[in-house]
Amino acid sequence: MTTPSAEAPPSPPPHETILSRGYLKLLLLSVVVGVVIAFASFCLVSLQHELQHQVWEDLPEAVGYDQPPWWWPLPALLLAGLLAMPIITRLPGTGGHVPAHGLGGPMLGPKDLPGVVLAAVATLPLGVVLGPEAPLMALGSGLALLALSRSRRTAEPKTALILGTAGSTAAISTILGGPVVAAVLVLEAAGMGGAQLFVLLLPCLVASGAGALVFTGFGQWTGLSIGALSLPEVPPDVTPDAADFLWGVPLAVLIAVVVSMMHRLGPLTEAWTKRNTAVRTVLCAVAVGVCISAYALTTGRSPAEAALSGQATLAVVAGQPHSFSVAALILLILFKGLAWGISLGSLRGGPIFPAVLLGSAAGIAASGLPGLGTTAGLALGVATATAVVTRLPVTSSVLGVLLLGRDAHNQMPLIVICAVVGFITAEFIERSTKRGS
C-alpha cells in the first residue's frame, strides 16, 4: 500500500490555475499566436486555391479545353504521387499524419512544418481527394510551439500541449466557420475532461477568436477573404414533417454505411503502403486519378467535380441541386468515395471536406423521395457524413447548422438526430469489423 507521503500532490482547483499569473500570460500569448496563425493559414489556403485554379481552370483553357478533359486527372495525380513520395519517405513528420486516423494523431512540432506545408501545397491542388483542415492544424500547432523555446517545451510539457492545441484550434477555426465550431470540437474531442477541461479550452477559444478577426475585419479594416467551408446558396427553409424523419433516419443509416465503407479503404491502403512506400504511394495516387477519370468518362461532366476536397462541388450541389441527375450524384459518390478512401491511407490532407460532399450528394440524390425534399436531404447528408468521419456528433450538428445558415433553424431537430444516428451506426460498424478480424 502506498503511504500518503508518497502520493502525487493533487492538482490545484481549476479556478486557481485560471487566475494564476502564468496562466494569464498563456492566454495573452494565445491571442498573439492566434492572429499569427490566422495570417499563416490565410497564406497557405490562398496559395493552395491559386495553384488549384491554375491546374484545373487556367491550364486546360490555355491548351484549348473549356473544361478539363476526362484524362486530365491521370498526369495530375501521377505528378502528385511523385511529389508526395520524397516528402512522405524522407522529410521529418512524413508530411503530416495519415488522414485515415482522422484529425488527431501526435502533435507535430516546428521541425515537421516544412514537410506538412510542402505536402499540402504540392499535392492537394493537383486533385488529391482530401481537404486542407489537417495540414492547417499541423501548421497551427507547429507555429504555436515556436513561441516557446525548446528548453521550455521540454521542461513544461503541459504548457506546450495547451499552446499547441490552441494553435491547432485557431487554424481549424479559419476553415470550419469560426471559433464556435472549433471550441465545440475541442470540448467534444477532449471527452470526459472534467473541470480541468476549461484550462485547455480557454486558450483555444481566445486564440481562435483573436484569429477570426483577421477574416471578419476590425473597425475600418474589412478583413481577409479565405476559402472556408461555406455554402453561398442553400435550398429554401421549410418546416419539417413526419416524412423528413421517416425517410431521414434510414437514409442516415445508409449514408453512414456507405461513408464507413469508403473510409475503411484508408486503413487498408495504409497497411499496403507500409512496404515499398515510395512506389506504392505513386501507385495509389494514380489509382485516385483513375477513379476521377472514370467519373468524367461515365457522366460526361468535369473531372474536377470528383477531384480535390470537394468544397467547390459542394457549393454547386447545394445551390443548384437539379443541375445533377440522380445517376450523376450516385456516380460521384462511388468514384469520389473510392478516390477519397485511397487518399486517406496513402496521401496527406484532411478527411472531413470530401466526406461532407459525399453525404450531401447522397442526401440530394434521395431528395426526390415522397415528402423529403432537397432541404432535408442536404441537412441530413451533411450532419450524418461529418459525424461518421469525425465521430463527434455535437460538432457535426453545429457545423451542419452553420453551413445551412438562416435556413437551418427548422432543420436542427433532423440535423441533430441524423448526426447521432450516423455516429452510432459508424461505431457499430467499427465494432463489428474489429470482432470479425
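**View A. Q48 has its place in helix α2.** Helices are DSSP runs of H or I with at least four residues, strands are runs of E with at least two, and both are numbered from the N terminus. The model is a predicted one, in which local features need pLDDT of at least 70 and side-chain atom pairs count only at pLDDT 80 or more, while totals for chains, interfaces and linings use all residues. Residues are numbered from 1 along each chain as its sequence is written, and side-chain values use heavy atoms, with hydrogens and water left out. Q48 counts as buried because its relative accessibility is 5%; buried means under 20% relative accessible area, exposed over 50%, and partly exposed in between, for a 1.4 Å probe and protein chains only. When neighbours within four places in sequence are set aside, Q48 is in contact with L124, P125 and P132. Contact here denotes heavy atoms within 4.5 Å.

**View B. E50, E57, D58, E61 and D66 form a negative surface patch.** Patches are made of residues with over 30% relative accessible area and no salt bridge, like charges being joined within 9 Å and nonpolar side chains (Val, Leu, Ile, Met, Phe, Trp, Tyr) within 5 Å. Asp and Glu count as negative and Lys and Arg as positive, whereas His and the chain ends are not counted. The place of a charge is taken as CG of Asp, CD of Glu, NZ of Lys or CZ of Arg. One member of the patch, D66, lies in the loop between α2 (21-62) and α3 (73-90). D66 counts as exposed because its relative accessibility is 79%.

**View C. T94 lies in the loop between α3 and α4 (113-123).** Most residues other than glycine have a negative phi. T94 is not a glycine, yet its phi is positive, at about 50 degrees. With 34% relative accessibility, T94 counts as partly exposed.

**View D. W247, in helix α10 (residues 242-273), touches L369, P370 and L372.** These contacts of W247 leave out residues up to four places away in sequence. W247 counts as partly exposed, its relative accessibility being 32%.

**View E. E305 and R301 form a salt bridge.** A salt bridge is a side-chain nitrogen of Lys or Arg within 4 Å of a carboxyl oxygen of Asp or Glu. In this pair the closest N and O atoms are 2.9 Å apart. E305 counts as buried, at 14% relative accessibility, whereas R301 counts as partly exposed, at 22%.

**View F. A network of salt bridges links R391, E427, E430 and K434.** The side chains of R391 and E427 meet at 2.9 Å, N to O. This pair links distant parts of the chain, 36 residues apart: R391 is in the loop between α15 (374-390) and α16 (393-404), and E427 is in helix α17 (residues 412-436). R391 is partly exposed, with a relative accessible area of 26%, and E427 also counts as partly exposed, at 34% relative accessibility. In the pair of E430 and K434, the closest N and O atoms are 3.3 Å apart. About one helical turn separates E430 and K434, because they are 4 residues apart in helix α17. E430 is partly exposed, with a relative accessible area of 32%, while K434 is exposed, with 58%.

**View G. R391 has a positive phi of about 60 degrees.** R391 is not a glycine, and its place is the loop between α15 and α16. The side chain of R391 is the one that meets E427 in a salt bridge.

View H. Buried residues make up 52% of its 437 residues. Among contacts with a separation of 6 or more, 78% are accounted for by residues 24 or more positions apart. The accessible surface comes to about 18,900 Å², and 68% of this belongs to carbon and sulfur atoms. Accessible areas come from the Shrake-Rupley method with a 1.4 Å probe, and for residues only the protein chains shown count as cover. The structure holds 6 salt bridges, among them the pair of E305 and R301.
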